[in-house]
Amino acid sequence: ISKYPYTVAVYVDGYLNGAGAILNNQWVIGSGFSVSTADSAANVTVRVASNGAYKGGLVKQVKRFVVHPKLRGWDHDMALLQFKTPLKRNTRNAKSIQLGSHLPKSGQKTICTGYGSRQNESTPGIELVFDGLFKEIELPYMPYKECVKYHNATLFFTKNNFCTKTEYLSSPYARDFGGPLVYKKKLIGLFAGAPRCSGVIKPAVYADVTREHKW
């Protein structure tokens with residue numbers, strides 16, 4: 001976590017429901033889908049500065065959350081979460097990240113972080129193992145025009161989304177929703193999903209945050 005101190009874990013009713021990124025000492029950005037299941041902000045918490053999903057770091061209560069008004073499936077899958085009390089600026093291993101203003105070229109390397117499940121290497125593509133540990137993964141960027149052929153419209157894959165190329169045992173998984181994708185130390189996307197077909201993982205989908213500066 002010390003290399004990627006902007007990464008947080010997001011919980012609904014104490015259950016790990018995704019990840020997110022610190023924008024400043026009051027706000028986190030994460031998956032709209034993940035927090036939309038909460039009855040109220042009182043049911044949502046955020047763990048910062050931790051190498052584990054269920055221990056370490058600091059647990060922060062959420063005052064309110066704002067789901068993107070245009071959320072539909074993967075399209076605009078993002079939400080803002082406000083801490084009940086501001087995060088102290090000197091909190092170790094907890095730092096903000098800036099939003100990017102442009103996307104990489106196809107194939108350029110990005111970094112995704114989170115706490116979700118990992119592949120069981122003895123049964124790749126079949127079984128997932130949840131260990132609750134912080135994870136980082138380097139993935140090649142795939143623009144919308146290259147990725148659209150892999151995803152139909154049922155989950156509203158739009159020009160507000162892009163992908164990362166899937167490599168052997170290399171993709172974000174369940175409970176990583178909202179996991180920050182970073183290029184050149186700036187936030188460009190939030191993990192939205194990685195659907196499977198016959199055990200094969202299609203390119204992972206992200207919500208594009210470079211389009212959301214005004215929101």
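Helices (H or I, at least four residues) and strands (E, at least two) are taken here as DSSP runs, numbered from the N terminus. On that basis the chain holds two helices and 16 strands. This is a predicted model, in which local features need pLDDT of at least 70 and side-chain atom pairs count only at pLDDT 80 or more, while totals for chains, interfaces and linings use all residues. Residues are numbered from 1 along each chain as its sequence is written, and side-chain values use heavy atoms, with hydrogens and water left out.

Of the 215 residues of the chain, 53% count as buried, a class that means under 20% relative accessible area, as against exposed at over 50% and partly exposed in between (1.4 Å probe, protein chains only). The accessible surface of the chain comes to about 10400 Å², and carbon and sulfur atoms hold 51% of it; these areas come from the Shrake-Rupley method with a 1.4 Å probe, and for residues only the protein chains shown count as cover. When contacts (heavy atoms within 4.5 Å) are taken between residues at least 6 apart in sequence, 65% of them join residues at least 24 apart.

Leaving aside residues up to four places away in sequence, Ser-50 touches Ile-1, Lys-55, Gly-56, Gly-57, Tyr-115 and Phe-134. The side chain of Ser-50 also reaches the backbone oxygen of Gly-52 at 2.6 Å.

Ile-137, found in strand S10 (residues 135–142), is buried with a relative accessible area of 19%; Ile-137 and Ser-171 are 34 residues apart in sequence, and their C-alpha atoms are 7.5 Å apart. Tyr-173 belongs to the loop between strand S11 (161–164) and S12 and is buried as well, at a relative accessible area of 6%. From Tyr-173 to Gly-193 there are 20 residues in sequence and 7.4 Å in space, C-alpha to C-alpha.

A pocket is found on a 1 Å grid over the protein atoms alone, as an open set of points with protein on both sides within 12 Å along at least five of seven lines, and its lining residues have an atom within 4 Å of a point. Strand S7 (109–114) and strand S12 (180–183) each supply at least two residues of this lining, and the largest share, three residues, comes from S7. The lining includes Lys-3, Tyr-4, Tyr-6, Ile-97, Lys-109, Thr-110, Ile-111 and Val-182, and by class it has six nonpolar, one polar and four charged residues.

Asp-13, in the loop between strand S1 (7–12) and strand S2 (15–22), has a positive phi of about 55° although it is not a glycine, and Asp-13 is exposed, with a relative accessible area of 55%. His-76, in the loop between S5 and strand S6 (79–83), likewise has a positive phi, near 55°, in a residue other than glycine, but His-76 is buried, with a relative accessible area of 9%.

Methods:
A polar contact is a pair of N or O atoms within 3.5 Å; within protein, one must be able to donate a hydrogen and the other to accept it, and residues adjacent in sequence count only if both atoms are side-chain atoms. On a 1 Å grid over the protein atoms alone, a cavity is a set of points where a 1.4 Å probe fits but cannot get out, and a pocket is an open set with protein on both sides within 12 Å along at least five of seven lines; lining residues have an atom within 4 Å of a point. Ala, Val, Leu, Ile, Met, Phe, Trp, Tyr, Cys and Pro count as nonpolar, Asp, Glu, Lys and Arg as charged, and the others, Gly among them, as polar.
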